[in-house]
Amino acid sequence: MLTGRDGAPVIVVGAGLSGLTCALRLAEGGVAVTVLEAAEEVGGRARTLSVGERVVDRGFQSLFSAYPRTSRLLRDVGIRRRDLIAFDRGAVVHDGSSWDRMSASPAGVLRFRAFSAGDVRRLAALGAEVAGIPSARVLAGDERHATALEYLRARGFTERAIEGFFRPLFGVITADRDLGSDAAYLRFLIQMMLRGPAVIPVEGHGMISRWAAARVRQLGGEVRTGARVAGIVPSRDDRGHARGVAVDGAGLVAAAVVVVATEAPEARSLLAELDRQCARALDVRPRGVTTLAYELDASFHSGKAIILNAEAESGTARIDLVCQESNLLPAAPADAGARLLATSVDGPDGAAEPGALEAAMTALASRWNPGFPWSRCARLVEVVRHPWAQFAVPPGARDALPGQQTAVGNVLLAGDITMHPSIEGAVVAGERAALTTREVLAATHSAGGA
């Protein structure tokens with residue numbers, strides 16, 4: 001396999017989707033690569049846990065079938081369309097007093113009570129605008145200079161449409177109830193939703209990372225978990241390059257190239273002394289999410305729908321989304337009951353306490369399904385806290401994100417932090433980091449040959 005001039009491999013720090021994508025593309029090209037992951041399992045934010053005989057995702061992740069680079073990654077690691085289960089298209093919302101459902105059909109949109117006839121026309125016009133435009137152009141559009149809320153109001157959407165549809169849906173997808181993300185990112189998400197449904201792999205979102213890690217190993221690469229990188233070690237005689245990384249309990253691990261593919265706080269710490277400008281660019285605002293995972297003795301609701309909470313804001317303890325994953329994933333034994341995820345996006349005061357969220361879910365269940373014996377048959381089995389579920393992308397933020405290169409020639413950056421906060425952003429960033437890594441290796445070998 002292709003290595004650095006001294007035989008050292010490429011080191012990828014972090015086995016989330018971006019790091020594993022980078023490692024996979026390098027291994028496919030015959031590059032010796034080692035992935036070092038501090039946790040005991042791969043996947044980062046997109047991991048899955050086992051509850052009895054069922055799998056439960058550790059938090060809400062939006063995976064759209066229309067993500068182009070992610071779709072290619074799934075195919076390349078062996079995950080086929082038959083392995084992906086689609087959520088119902090459209091939206092199911094509860095406004096505190098009644099249910100409303102918007103299906104993906106024109107008739108379903110017209111029947112959605114939150115939309116006026118004018119809102120329907122405006123939504124159709126917006127969909128037509130983004131339908132045939134390449135995603136990169138949508139993301140780079142001038143709309144990125146306005147917030148999503150400003151953009152929707154400027155296009156004439158009614159407050160009822162904003163509060164009854166856009167805020168509950170995109171407030172969860174972007175982990176930003178205030179709709180403060182830039183409007184070009186909103187248009188990208190709308191484009192993805194129009195092109196295909198949200199999906200979930202049959203073994204949960206963690207299936208993607210597990211299969212990607214397995215494929216890296218099949219191609220000769222190495223994926224090591226429980227290996228925490230404490231720092232990047234600079235060259236003794238040339239501050240412009242790195243010798244490798246320092247791993248807890250293992251000392252120096254030599255590297256031809258180091259690719260940092262961790263969450264922003266860890267990446268900022270690793271780069272602080274090597275590239276202060278890049279480290280400052282990683283000082284972005286986090287968007288946190290807390291998810292309560294429940295086991296139920298009986299099904300709370302039917303269908304493959306995500307249920308959105310469109311009630312007016314009330315306090316900090318709020319459940320924004322409910323998803324009964326057992327309605328989508330393969331059936332478990334009949335006595336295994338159901339699994340339900342209840343997700344809360346952090347408010348301006350931060351995360352609510354788990355106990356307060358549990359009480360909020362109990363109260364919500366009594367309003368949404370009054371006859372359901374929630375207190376008797378619902379058991380909280382896991383509380384998953386993601387302080388860095390996403391990062392904020394207010395107007396201008398994406399323009400200030402760092403690229404793949406750092407001030408250290410053979411230290412590169414991956415992760416959605418270089419693109420936009422989505423699974424697709426993570427995958428694209430990993431591919432770009434792999435391409436840049438090959439360029440650095442080629443330049444190194446060329447210099448050595450000269």
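**Notebook: strands, sheet and helix packing**

I began with strand 11 (residues 242-247) and strand 12 (residues 251-254), which pair in the antiparallel sense over four bridges. The model I am reading is predicted. Within this pair, I found V245 opposite V253 of strand 12. I then looked at the connection: strand 11 and strand 12 form a hairpin with three residues between them. In the turn, G249 has a positive phi of about 80 degrees.

I next traced an open sheet of five strands, whose order is 9-2-1-13-19 and whose pairing is parallel. I looked up its edges: strand 9 (222-224) and strand 19 (411-413) each pair on one side only. With direction ignored, neighbouring strands of this sheet are turned by 20 degrees against each other on average.

Strand 13 (residues 257-260) runs parallel to strand 19, and three bridges join the two. For V260, I recorded L413 in strand 19 as the bridge partner.

I then asked which strands helix 10 lies across. Helix 10 (residues 264-271) lies across strand 1 (10-13), strand 13 and strand 19. Its direction is at about 160 degrees to strand 19.

**Entry: helix 7 and helix 8**

I turned to the packing of two helices. The axes of helix 7 (residues 159-173) and helix 8 (residues 183-195) come within 12 Å and cross at roughly 100 degrees. Angles of 65 to 115 degrees count as roughly perpendicular, and helix 7 and helix 8 are therefore roughly perpendicular to each other. I listed the residues that make the contact: L169, F170 and I173 come from helix 7, while L186, L189, I190 and M193 come from helix 8.

**Entry: the chain as a whole**

Finally, I looked up the totals. The chain has 14 helices and 19 strands. Its C-alpha atoms fill a box of roughly 75 × 50 × 40 Å along the principal axes. I compared the radius of gyration with the globule rule: a compact globule of 450 residues would have a value near 22 Å, and the 23 Å of the chain agrees with this. Of the 450 residues, 57% count as buried. For contacts with a separation of 6 or more, I recorded that 73% are between residues 24 or more positions apart.

Terms used: Residues are numbered from 1 along each chain as its sequence is written. This is a predicted model: local features need pLDDT of at least 70, side-chain atom pairs count only at pLDDT 80 or more; totals for chains, interfaces and linings use all residues. Side-chain values use heavy atoms; hydrogens and water are left out. Axes are lines fitted to C-alpha atoms, for helices over the stretch in contact, and angles run from 0 to 180 degrees between N-to-C directions. Angles under 35 degrees count as roughly parallel, over 145 as roughly antiparallel, 65 to 115 as roughly perpendicular and the rest as oblique. Contact means heavy atoms within 4.5 Å. Two strands pair if DSSP finds at least two bridges between them. The radius of gyration is taken over C-alpha atoms; the globule rule is 2.2 Å times the number of residues to the power 0.38. Buried means under 20% relative accessible area, exposed over 50%, partly exposed in between (1.4 Å probe, protein chains only).
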